Amino acid sequence: MLETTIAGSLPRPDWLAEPEKLKGGWKLSGQELEDGKRRAAAEWIRHQEEAGIDILTDGEVFRKHFVHTFLEGIEGIDQNKKTLMGIRDDRYNLEVPTVTSAVKRPKAVHVEEFKYVRSLTDRKLKFTLPGPMTICDTIADGHYGKRADMAMAFAELLNAEAKELVAAGADIIQFDEPAFNVFFDDVNEWGVAALERAAEGLSCPRAVHICYGYGIEENLKWKETLGDEWRQYEKIFPALNASSIDQISLECADSHVPHSVMSILKDKIVMVGAVAVTPDRVETPEEVAETLRSAMRYVDAERIRPCTNCGMTPIPYDIAQGKLKSLVAGANLLRDSLPH
Ligand code: ZN
């Protein structure tokens, strides 16, 4: 009970990449870079095991960016044709590559690195992929004409990738859909359908991560505009509860999300974000336990997975290590206080 896990990413060490940046450049190249990524992943597997995390990830240390690195392996995208695009409903502007013809996956993108990480641990391993709607909100469309159509095309590619990852030993496949918290009508019209297409036929539990973004300045400013109660999840959880997705992650620590929204998720595993991804402090185990205890008012303990709010790429390495330890210590505190 209360198996701990993380949303996905962990900081890349400062000898590998520019630290505390979302897309910090690599500091190595060629074979040294490939070896460095493997070493960084092995170190995080060990840190997660030592902290006592139950369901591990590769920390996404092989990727420069959680969406673009996958897209670099896809044909039909012109990486050099940059289009200036407002991301997440114009929260920030980015120059992004452009889809110029039907997308194809000539070969697996992440499977080789996953096989290596699989060889490092006997614990459960989750693999994270960008969700189809979030991909469509991170790349320009010069071919499909309708976001829903482009999302379905990417969903098919994601599904093929996910099936290979499961065959290579992934215990859980998670799709990251921060865009779900922004485009509510689209989520209900086609976003959940595209997500289900990406997750179709997988023989392991399928998860979705929906957050309020990394603890970076643009997101923190946006959060200030959302008012005292963040009720975005309320608009999408009914459709997710009715979907075939098994596990849903939400941001709970240090946020204005009313925990009662979890009562919409009647029979799902709920990954409760019990540490924030802010860079400046580590929550105490008591604070983690308190967040989880609050979640238990709405979700049976059997369905709760203590988790991080979001990925930890942009925060200091030692703070992330501290947060992993507090997450486990907080879950243990709560477990010990429950009737046996
Ligand atoms: Zn997130």
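## Helix pairs, core and loops in a predicted model

Val277 sits in the loop between strand S9 (269–275) and H9. Helices here are DSSP runs of H or I with at least four residues, strands are runs of E with at least two, and both are numbered from the N terminus. This is a predicted model, in which local features need pLDDT of at least 70 and side-chain atom pairs count only at pLDDT 80 or more, while totals for chains, interfaces and linings use all residues. Residues are numbered from 1 along each chain as its sequence is written.

Let's stay with Val277 for a moment. Is Val277 buried or exposed? Val277 counts as buried because it has 28 C-beta neighbours inside 10 Å. The cut-offs are these: a residue is buried if 20 or more other C-beta atoms lie within 10 Å of its own, exposed if 12 or fewer, and partly exposed in between, with C-beta atoms placed from the backbone. Leaving aside neighbours within four places in sequence, Val277 is in contact with Tyr214, Gly215, Thr308, Asn309, Cys310, Gly311, Met312 and Ile315. Contact means that the C-beta atoms of two residues, placed from the backbone, lie within 7 Å. Val277 and Cys307 are 30 residues apart in sequence, and their C-alpha atoms are 11 Å apart in space.

### The nonpolar core

A nonpolar core is a set of buried Ala, Val, Leu, Ile, Met, Phe, Trp, Tyr and Cys residues joined through C-beta atoms within 7 Å. The largest one holds 99 residues, and Phe154, Val272, Ala274 and Leu292 have the most contacts inside it. Helix H5 (residues 147–167) gives the largest share of this core, nine residues. Beyond its neighbours within four places in sequence, Phe154 is in contact with Val103, Pro132, Ile135 and Cys136.

Axes are lines fitted to C-alpha atoms, for helices over the stretch in contact, and angles run from 0 to 180 degrees between N-to-C directions.

| Helix pair | Axes come within | Crossing angle |
|---|---|---|
| H9 (residues 285–295) and H10 (residues 317–337) | 7 Å | roughly 60° |
| H1 (residues 30–51) and H10 | 9 Å | roughly 30° |
| H6 (residues 184–199) and H8 | 9 Å | roughly 15° |

Angles under 35 degrees count as roughly parallel, over 145 as roughly antiparallel, 65 to 115 as roughly perpendicular and the rest as oblique. The axes of H9 and H10 cross at roughly 60°, which makes H9 oblique to H10. H9 passes H10 in a right-handed crossing; a crossing is right-handed if the near helix is turned clockwise from the far one by less than a right angle, and left-handed if anticlockwise. On the H9 side, Pro285, Glu286, Val288, Ala289, Leu292 and Arg293 meet Ser326, Leu327, Ala329, Gly330, Ala331, Leu333 and Leu334 of H10. By class, this contact has nine nonpolar, two polar and two charged residues. For these classes, Ala, Val, Leu, Ile, Met, Phe, Trp, Tyr, Cys and Pro count as nonpolar, Asp, Glu, Lys and Arg as charged, and the others, Gly among them, as polar. Leu292 links two parts of this account: it is one of the H9 residues that meet H10, and it is among the residues with the most contacts inside the largest core.

H10 also pairs with H1, and their axes cross at roughly 30°, which makes H1 roughly parallel to H10. H1 passes H10 in a right-handed crossing. His47, Gln48 and Ala51 of H1 make the contact with Gln321, Leu324, Lys325 and Val328 of H10. That contact has three nonpolar, three polar and one charged residues.

How do H6 and H8 lie, roughly parallel or roughly perpendicular? Their axes cross at roughly 15°, and H6 and H8 are therefore roughly parallel to each other. The crossing of H6 and H8 is right-handed. Phe184, Val187, Asn188 and Val192 of H6 make the contact with Lys235, Ile236, Ala239 and Leu240 of H8. By class, the residues are six nonpolar, one polar and one charged.

Ala239 gives a closer look at this pair. Ala239 is in helix H8 (residues 232–241) and is partly exposed, with 19 other C-beta atoms within 10 Å. Not counting residues up to four places away in sequence, Ala239 touches Val187, Asn188 and Val192. The C-alpha atoms of Ala239 and Gly191, 48 residues apart along the chain, are separated by 9.7 Å.

### A loop with positive phi values

Which residue in the loop between strand S2 (75–87) and strand S3 (92–104) can we start with? Arg88 is found there, and its phi is near 50°, a positive value in a residue other than glycine. Arg88 counts as partly exposed because it has 19 C-beta neighbours inside 10 Å. Asp90 lies in the loop between S2 and S3 too, with phi near 70°, a positive value in a residue other than glycine. Asp90 is exposed, with 9 other C-beta atoms within 10 Å.
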